[in-house]
Amino acid sequence: MSGNIRLLSDTLAAARAEDRAALVAYLPAGFPTVEGGIEAVKAVLDGGADVVEVGLPHSDPVLDGPVIQTADDVALRGGVRIADVMRTVREAYEATGKPVLVMTYWNPVDRYGVERFTAELAEAGGAGCILPDLPVQESGLWREHAEKHGLATVFVVAPSSRDERLATITAAGSGFLYAASLMGVTGTRESVGGQAADLVRRTRATTDLPVCVGLGVSDAAQAAEVASFADGVIVGSAFVKRLLDAEDQAAGIAAVRELAGELARGVRRTP
């Protein structure tokens, strides 16, 4: 079975045709439980997200801030496995028909086996993978199998990336580019900052792929700000925090659905 890179591309193109940015949500698999995580992912898609990233919980993250780390710890203590991540992808895709990616560090994929991981992700209906710590120059094996199985390979670019480096990264990527709005880890911030707009401008000069901005967006006003210059707005920690702060699972799922609706309205208006 082929993966859903075409669905991802078509979804981002449809948002652009509507003269708006796409809303890309992130939630880790297995949090607060495997079942609860699946319901939360479906809720953000039902609430208005165009695309969702399902995080593969990791014990030693380099990009994730304290909110997502806390959720990952809960998921890992609960015994989450890669099979649960694939199940989350499958059930979310089958329930909504929207593109679902996996965001993971390289070590779990390497240990699991690249061919096995890509084949299972495609079979689950996945659209691709975001690999924040996989260097482009070491990504050949992954990209070979991802392309074979119809999966996008989404690389992360940062404000520190020089133009020559940006060109190398964007040439190897597919689906979209994940532009980190600032140097640092994930987490909500009061301001996304001007670095993001400059990074989007420089990245677009090297590629026709959509450029989606993440790290720091937490409300509709910030979503509107980023949507004014990016092709997609990525929101993760704000969703996870809603689940962490909820008094029970049902309240958490309702809260993330509500936030998705607020952010979806945000990407449809100017700041």
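Entry, contacts. I looked at contacts in the protein chain (heavy atoms within 4.5 Å) between residues at least 6 apart in sequence, and 74% of them join residues at least 24 apart.

Entry, source. The model is predicted: local features need pLDDT of at least 70, side-chain atom pairs count only at pLDDT 80 or more, and totals for chains, interfaces and linings use all residues. Residues are numbered from 1 along each chain as its sequence is written, and side-chain values use heavy atoms, with hydrogens and water left out.

Entry, overall size. The C-alpha atoms fill a box of roughly 45 × 40 × 30 Å along the principal axes.

Entry, burial. I found 58% of the 271 residues buried (under 20% relative accessible area, 1.4 Å probe, protein chains only).

Entry, aromatic rings. I searched the whole structure and got three aromatic pairs (ring centres within 6.5 Å, with the six-membered ring used for Trp). Tyr 112 and Phe 117 form an edge-to-face pair, 6.2 Å centre to centre with 90° between the planes; edge-to-face means planes over 60 degrees apart. Both Tyr 112 and Phe 117 are buried. I also listed one aromatic cluster, formed by Trp 106, Tyr 112, Phe 117 and Trp 142.

Technical notes: Phe/Tyr/Trp six-rings, centres within 6.5 Å; stacked < 30°, edge-to-face > 60°. Buried < 20%, exposed > 50% of the residue type's maximum accessible area, 1.4 Å probe, protein only.
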